[in-house]
Amino acid sequence: MFKLIQLIENFGQKGLAFCERVGIAGIFLTRTALRRPRFLRFLPLLIEQLYFIGVLSLVIVVVSSLFIGMVLGLQGYNILQKFGTVAQLGQLVALSVVRELGPVITGLLFAGRAGSALTAEIGLMQATEQIASMEMMAVDPLWKIIAPRFWAGVISMPVLTAVFDAIAIFGGYLVGVEWLGIDAGQFWSNMQAAVDFRVDVINGLIKSVVFGCIVTWIAVYQGYYTVPTASGISRATTRTVVYSSLAILGLDFILTAFMVGGW
Amino acid sequence: MIARRFLEFAVGLFMILGVVALVVLAFKASSFSQYSQRNSYQVTAVFDHIGDLKIRAPVTIAGVRVGEVKKIMIDPVTFRAKVVMFLDKKQQNLPSDSSASILTAGLIGANYIEIAPGFADNLLKNDGLIEETHPAVILERLIGQLVYNLKGDKEKDENKKTK
């Protein structure tokens, strides 16, 4: 009997702790995002983070998008061939990349490449008490450390997604037209007829902005509130990747359900 | 520490790359919805059956695209399908007795609306109604009719023989 009560108590405690964490994360986000912009002094910090978060993620995004586009081209060709509609390959590649694969896979790669690095970096700052000493010197760590990283993530994601989309379509073109011999004119004109810039491309980019917010939010939160030990940092890094991947896939479904009306 | 100038240069290049990718997507891989409230006028047509017609399906005259389907709904009184389409303002001199029919691109392609211009002197206005329409041809019904007719013919033949 006593054990049962303890079990229920534990359960309630976990629920309370979860609610508290969500609350802390929410306050953390609003304090980071909604601060008075001192743009000229903020810009150098932002550019540095854009380099580490955005530019350095470019290589993995470019390489994986090229291969994903090529695989889509190959798979699509083999399926469409059965129905004699190979000319629609451009449409298949472009729509699946622009609507779904672009934002989602860029988001997952971004979580693995940039999100985990952010958590580890901020977590180590926390463990070596750099953040505490900043506070001692009356420098706001949210302004100096967290905000530039957050905004850099939000800005980088749509840029990376746009690059991903373009290169994946190029990969599909390489396989479909250059290798398997679909007519290039049919490939592009069918694609243009099916893909609408506002409905498809812009909605994909909206998704990517949302994913950028979520991933960097989770990453900086996990880093900032890490247990300041070696194992704590490693657990926080793992949590960042797991939570952001789950958040991306779940949110993607919700966003798609909202956007599906426009098709 | 990486030099400041290199950092700024790399980030600038990164942003430009993003914009270039977006421009490529816009002009090479997708098309803007050409028909909006501004450059087109609205016409409604009521069909008995629209088949597989979708929103944003093309509207053509003599095979040339002049507009697209904007809205499809059901008329609550007559239970016929009401199709609202946007037509290019350049094609504003359509006679009011033009007819609209729903056709299929190829054997298994998507449905689209073909407008056949009429001969009346007064023109179709904004928010106008195309009165003469031809519904979509449903393959299943066509086959059903064919089978029915064939059966009918057979019975006639048998009747003749017995006579």
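Predicted model: local features only at pLDDT ≥ 70, side-chain atom pairs only at ≥ 80, totals over all residues.
Visitor: How many other C-beta atoms lie within 10 Å of B:Phe79?

Guide: B:Phe79 belongs to the loop between strand E3 (64–74) and strand E4 (81–88) of chain B. Although B:Phe79 is not a glycine, its phi is positive, at about 60 degrees. B:Phe79 is classed as exposed because the number of other C-beta atoms within 10 Å is 8.

Visitor: What percentage of the residues of chain A count as buried?

Guide: Chain A holds 9 helices and 0 strands, and its elements run α-α-α-α-α-α-α-α-α from the N terminus on. Along the principal axes, its C-alpha atoms fill a box of roughly 65 × 60 × 35 Å. Among the contacts in chain A with a separation of 6 or more, 88% are between residues 24 or more positions apart. Of the 263 residues of chain A, the share that counts as buried is 43%.

Visitor: Which element gives the most residues to the largest nonpolar core?

Guide: This core has 69 residues, and A:Leu50, A:Ala94, A:Val97, A:Ala162, A:Val163, A:Ile169 and A:Val220 touch the most other members. The elements that give two or more residues to the core include helix H3 (58–83), helix H4 (89–127), helix H6 (141–179) and helix H8 (197–224) of chain A, as well as helix H1 (4–29) of chain B. With 19 residues, the element that gives the most is H6(A).

Visitor: Which residues of chain B are in contact with A:Val163, leaving aside its neighbours within four places in sequence?

Guide: A:Val163 is one of the residues that touch the most other members of the largest nonpolar core. Its contacts, neighbours within four places left aside, include A:Leu58, A:Val61 and A:Val62.

Visitor: At what angle do H6(A) and H8(A) pack?

Guide: H6(A) passes H8(A) in a right-handed crossing. Residues that make the contact include A:Phe150, A:Met157 and A:Ala162 of H6(A), and A:Leu205, A:Phe211 and A:Val220 of H8(A). The residues of this contact divide into 14 nonpolar, 7 polar and 2 charged. The axes are 8 Å apart, and the packing angle is about 145 degrees.

Visitor: How many of the residues with which chain B touches chain A are nonpolar?

Guide: The contact between the chains takes 24 residues from chain A and 19 residues from chain B. On the side of chain B, 4 of the residues are polar and 2 are charged, while the number of nonpolar residues is 13.

Visitor: Which strands are the edge strands of the sheet in chain B?

Guide: The sheet is open and mixed in its pairing, and its 8 strands have the order E7-E1-E4-E3-E2-E6-E5-E8. Neighbouring strands are turned by 30 degrees against each other on average, direction ignored. An edge strand pairs on one side only, and the two that do so are strand E7 (128–130) and E8 of chain B.

Visitor: Which residue in E6(B) stands opposite B:Ile102?

Guide: Strand E5 (residues 99–104) of chain B is joined to strand E6 (residues 111–116) of chain B by 6 bridges, and the two run antiparallel. E5(B) is also joined to strand E8 (residues 132–134) of chain B by 3 bridges, in parallel. In E6(B), the residue opposite B:Ile102 is B:Ile113.

Visitor: Which residue in E7(B) is the bridge partner of B:Val43?

Guide: Strand E1 (residues 40–47) of chain B pairs with E4(B) in the antiparallel sense over 8 bridges, and there B:Phe47 stands opposite B:Ala81. E1(B) and E7(B) run parallel and are joined by 3 bridges. In E7(B), the bridge partner of B:Val43 is B:Gly128.

Key:
Residues numbered from 1 in each chain as written. Chains lettered and ligands numbered in written order. Core = buried A, V, L, I, M, F, W, Y, C linked by C-beta atoms within 7 Å. Buried ≥ 20, exposed ≤ 12 C-beta atoms within 10 Å, placed from the backbone. Helix = DSSP H or I, 4+ residues; strand = E, 2+ residues; numbered from the N terminus. Contact = placed C-beta atoms within 7 Å. Axes fitted to C-alpha atoms, helices over the stretch in contact; angles between N-to-C directions. Left-handed = near helix turned anticlockwise from the far one by under 90°. Nonpolar A, V, L, I, M, F, W, Y, C, P; charged D, E, K, R; others polar. Pairing = 2+ DSSP bridges.
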